[in-house]
Amino acid sequence: MEILYENLLAFQWQDIVMILLGCLLIYMAIKKEMEPSLLLPMGLGTILVNIPGSTALTGPIEELYNAGIANELFPLLLFIGIGAMIDFGPLLSNPKLMLFGAAAQFGIFFTLSMASIFFPDAMDAASIAIIGAADGPTSIAVANALGSNYVGAITVAAYSYMALVPVIQPPVIKALTTKKERMIRMPYEQKSVSKTTRIMFPIIITVVASAIVPDATALIGFLMFGNLIRECGVLDSLSGTAQNVLANLITIFLGISVARNMVAVKFLRIDTLLIMGLGLVAFIVDTAGGVLFAKLINIFSKKKINPMIGAAGISAFPMSGRIVHKMGLAEDPQNHLLMHSIGVNVSGQIASVIAGGIILSMFGG
């Protein structure tokens, strides 16, 4: 009994706050179904590392972190699974959609300028800015490669805002568009994409993107390798494994190991709140950048584009594409934007990885 009493006294208020945060992450995963495969293990890991005297931090979680995060293995393996999930067909049918994916990365570089004001360490500022990639694995890989002191906070911000895309994007889209613009119809012309094109696309993207931004080679290479497994037609079983077993298993390990940075002394700081705020700014500016770019094109184009599809240029695949489609149907039940928005969405996945490589080339030395 005396030992139990001493153990209870060892708890500080900071430990309790972090344990409650872990419970909140678990609640969000189960009740709200927000990125459950990641937030659930992250929540449990947060609880484990904040129990005074726990060996979780110095034992298995530390080993997982060193094995998969410190060397960027988990994010890269996860990219294989993500690549295997993506169908580039809509993008290949209309390649100009790639422009919207690029425009929607503006939030990264806008946030970089803001983060530099509050975080004098350029590595930390650059790592925080990459939250705007709207891509959890990219955020983790870049922040870890740059040796940021805020990997835990950056990870929580990136995945939390990815899960909150249905809440964040619609108000921004509506604020920047008129009802008339949101009702613009974009008939989808089904174009056949040959198997050869589908196979060559990931290879060409890997070579071109890596030649332009060498620091993006690993990120883009693993993403495109996953897509090549999907499209080659001779590895259907492996493709299914990558999409389901591999992606889910790595996400679990990723969530638990990231909790290594969720210790109270590292997380409960004003800096963390600033990172969460800057991450929100990044998502908002990303969305605005894509929408405004589409509006700009409409000024010079006879064939009008529904500016809402520009918002799907963030990397949160396929959530953002589906949100735009639903908003289009809400304005006009006959306005089907899904294929256009998904095409923009997958272009955003590529653009976010390239943007991560650009940040690494700028600050990685």
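View 1. F100 counts as buried because its relative accessibility is 2% (buried, under 20% relative accessible area; exposed, over 50%; partly exposed, in between; 1.4 Å probe, protein chains only). The model is predicted: local features need pLDDT of at least 70, side-chain atom pairs count only at pLDDT 80 or more, and totals for chains, interfaces and linings use all residues. Residues are numbered from 1 along each chain as its sequence is written, and side-chain values use heavy atoms, leaving out hydrogens and water. There are six aromatic pairs, taken as Phe, Tyr or Trp rings (for Trp, the six-membered ring) with centres within 6.5 Å; planes under 30 degrees apart are stacked, over 60 edge-to-face, the rest tilted. F100 and F293 form an edge-to-face pair, 5.6 Å centre to centre with 75° between the planes. The pair links helix α7 (residues 98–103), which holds F100, to helix α18 (residues 270–300), which holds F293, 193 residues apart; helices are DSSP runs of H or I, at least four residues, numbered from the N terminus. F293 counts as partly exposed, at 24% relative accessibility.

**View 2. The aromatic pair of F119 and Y150.** This pair is edge-to-face, with 5.4 Å centre to centre and 75° between the planes. F119 lies in the loop between α8 (106–118) and α9 (122–129), and Y150 in the loop between α10 (136–145) and α11, so the pair ties together parts 31 residues apart in sequence. F119 counts as buried at 4% relative accessibility, as does Y150 at 9%.

**View 3. R260 and the ring of Y65.** The charged end of R260 sits over the Y65 ring, 4.1 Å from its centre (CZ of Arg or NZ of Lys within 6 Å of the ring centre and within 35 degrees of the ring normal).

Terms used: Helices (H or I, at least four residues) and strands (E, at least two) are DSSP runs, numbered from the N terminus.
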